[in-house]
Amino acid sequence: MEKDTNKNQNSKFEIQNDRPKILIKNIYRCLTMNDEKAELKNCDILTEGNKIKKIGKNLPDSAGTVISGIGKIALPGFVNTHHHFYQTMTRVLPKVADAKLFDWLVYLYKIWKNLTCEWVEISTKIAAGELLLSGCTTSLDHYYVYPKNGNGLLDIEIEAAAKLGLRLHATRGSMSLGKTKGGLPPDEVVQNENEILKDTERLIEKYHDDKPFSMTRIVNAPCSPFSVTKELLRESIKLARSKKILSHTHLAETIDEENFCLEKFGKTPVRYMEEVGWLGEDVLFAHCVHLSDEDIKLLGETKSAVSHCPTSNLRLGSGIAPVRKMIESGATVSIGVDGSASNDSSNMLLEIRNALLAARVKTGVTSMPVRDALWLATRGGAKALGRDDIGQLAEEKAADIVLFDIRDIAYAGAGDAAAAIVFCGRNFTASDVIVNGRILVRDKKLMILDERKVFDDAKKIFERDIAPNL
Ligand SMILES: [Zn+2]
């Protein structure tokens with residue numbers, strides 16, 4: 001990987017010399033999410049460059065920028081492990097507001113096949129802005145719709161996210177099993193296996209940075225068992241393992257998918273993944289709602305990772321994932337907001353809240369303590385993405401820090417102030433967000449985007465390119 005290292009040192013996405021030392025002073029409560037799960041009172045955090053330099057009391061005031069932590073809860077930035085940024089432009093479409101997954105997909109494929117560069121760029125800004133405001137500092141994005149000549153679309157997303165400063169695991173998604181071959185998507189948005197694998201290699205070479213504190217990594221991500229061929233699953237995981245990158249796909253989301261796999265392959269989705277070599281620590285599955293006890297055991301034994309997306313699963317009526325059982329089996333469980341056509345918001349704090357509520361409905365009130373839900377969204381997410389440099393507030397870890405201001409009527413009377421950010425609230429917005437040592441949100445406002453302009457630009461594109469096709 002010598003060549004890659006040199007390439008990445010010169011990457012145009014490395015933003016240098018614009019990170020002041022930041023001192024966050026007198027933080028009311030700090031949930032470090034470190035190995036000891038330490039919770040600190042009235043502490044300071046000092047960042048230097050892209051790392052946390054020091055955590056302690058009364059640190060000397062030598063930093064260029066000082067943020068007050070009075071009345072604020074500090075956490076490591078949330079790690080979102082599943083999204084489809086492009087879907088921010090197709091939220092709440094009336095004809096599928098009450099549809100289940102397969103019907104919803106068949107309708108939306110016809111809209112998504114008209115994706116443009118402009119659409120991808122604006123949707124990246126929307127998703128990144130929303131995620132940051134909710135306290136998310138790292139996101140995976142599963143981008144898998146490639147209309148004819150669409151191979152440059154992920155490049156646009158990567159470059160837009162890099163400019164904004166969000167830590168991104170960009171997936172080279174794909175669909176290779178069109179309708180005429182027994183798959184669900186229309187033939188216009190499927191590509192052949194060779195083209196997909198070649199483009200995946202190109203993207204790894206161009207953008208993948210495997211160093212600590214990396215801002216951009218590439219992930220191999222065929223879309224789902226019902227939209228890609230067995231050959232693509234087999235070949236792409238070989239490529240991913242040879243390049244030491246993560247692999248990602250949707251799995252066991254609905255009963256329809258389970259029936260598809262039982263009919264076509266004679267086995268459950270998880271057993272199908274076993275057959276094509278898709279289990280292990282370097283594999284992250286979105287959803288995993290419909291699993292047998294045997295499936296769960298297999299995920300645990302192979303230490304595979306799961307992105308739990310409760311809002312989307314509830315919204316589409318798919319079901320509730322057996323999260324507690326998966327955790328107990330040894331699988332790595334993380335949280336994802338999923339795409340904005342099925343959530344329809346990119347808010348990680350709300351997703352944490354819904355993960356807590358959904359687990360309690362499924363397996364009882366003690367099955368998801370609030371701090372466990374926060375752990376899934378921080379350490380769980382970091383582990384699922386194969387990282388140990390993010391997801392905790394500790395010296396020498398990434399300067400990805402979020403603050404929530406609880407001096408608000410919605411938190412008045414809260415007995416456990418730290419837990420209150422999940423249980424209480426009215427807009428679920430972080431007051432301050434630092435990513436890689438840069439302040440991207442201050443006083444609940446994005447420092448990197450004009451929110452109103454993004455809204456206006458999105459409206460223009462929606463009315464011109466999307467509304468006429470509805
Ligand atoms: Zn998804």
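1. Two strands pair if DSSP finds at least two bridges between them. Helices (H or I, at least four residues) and strands (E, at least two) are DSSP runs, numbered from the N terminus. With that in hand, look at strand β11 (residues 283-287), which pairs with β12 in the parallel sense over three bridges. F285 has V306 in β12 as its bridge partner.

2. Some housekeeping before going on. What you have here is a predicted model, in which local features need pLDDT of at least 70 and side-chain atom pairs count only at pLDDT 80 or more, while totals for chains, interfaces and linings use all residues. Numbering starts from 1 along each chain, following the sequence as written.

3. Back to β12 (residues 305-308). In a regular strand the side chains alternate between the two faces of the sheet. Here A305 and S307 point one way, V306 and H308 point the other way, and all are buried. A residue is buried if 20 or more other C-beta atoms lie within 10 Å of its own, exposed if 12 or fewer, and partly exposed in between, with C-beta atoms placed from the backbone.

4. Strand β7 (residues 136-143) is worth a look too: eight of its eight residues are buried. Strand β6 (residues 78-80) pairs with β7 in the parallel sense over three bridges. Strand β8 (residues 167-174) also pairs with β7 in the parallel sense, over six bridges. S139 is a handy place to start: N80 stands opposite S139 in β7, and S139 stands opposite L168 in β8.

5. On to the helices. Two packed helices are described by the angle between their axes and the distance between the axes. Axes are lines fitted to C-alpha atoms, for helices over the stretch in contact, and angles run from 0 to 180 degrees between N-to-C directions. For helix α5 (residues 193-207) and helix α6 (residues 230-242), the axes come within 10 Å and cross at roughly 20°. The two are therefore roughly parallel to each other; angles under 35 degrees count as roughly parallel, over 145 as roughly antiparallel, 65 to 115 as roughly perpendicular and the rest as oblique.

6. The crossing of α5 past α6 is right-handed. A crossing gets that label if the near helix is turned clockwise from the far one by less than a right angle, and is left-handed if anticlockwise. On the α5 side the contact has E193, I196, L197, T200 and E201, and these meet E231, L232, E235, S236 and L239 in α6. The residues of this contact divide into four nonpolar, two polar and four charged. Two residues are in contact if their C-beta atoms, placed from the backbone, lie within 7 Å. As for the classes, Ala, Val, Leu, Ile, Met, Phe, Trp, Tyr, Cys and Pro count as nonpolar, Asp, Glu, Lys and Arg as charged, and the others, Gly among them, as polar.

7. Next pair: helix α3 (residues 117-133) and helix α15 (residues 451-466). Their axes come within 10 Å and cross at roughly 140°, so α3 and α15 are oblique to each other. This crossing is left-handed. E118, W119, I122, K125, I126 and G129 in α3 meet E451, V454, D457, A458, I461 and D465 in α15. Sorted by class, the residues of the α3 contact with α15 come out as six nonpolar, one polar and five charged.

8. T47, in strand β2 (residues 39-48), is buried, with 26 other C-beta atoms within 10 Å. Leaving out residues up to four places away in sequence, T47 touches K21, I22, I52, K53, A399, I434 and G437. T47 and E396 are 349 residues apart in sequence and 9.3 Å apart in space, C-alpha to C-alpha. A412 sits in the loop between β14 (401-405) and α14 (417-423) and is exposed, with 10 other C-beta atoms within 10 Å.

9. Last, some backbone spots to check by eye. The peptide bond from N343 to D344 is cis, with omega near 10°; D344 is in the loop between β13 (332-335) and α12 (348-363). V92, a residue other than glycine, has a positive phi near 45°. V92 lies in the loop between β6 and α2 (101-112) and counts as exposed, with 9 C-beta neighbours inside 10 Å. F213 is not a glycine either, yet has a positive phi of about 65°. F213 is in the loop between α5 and β9 (216-222) and is partly exposed, with 18 other C-beta atoms within 10 Å.
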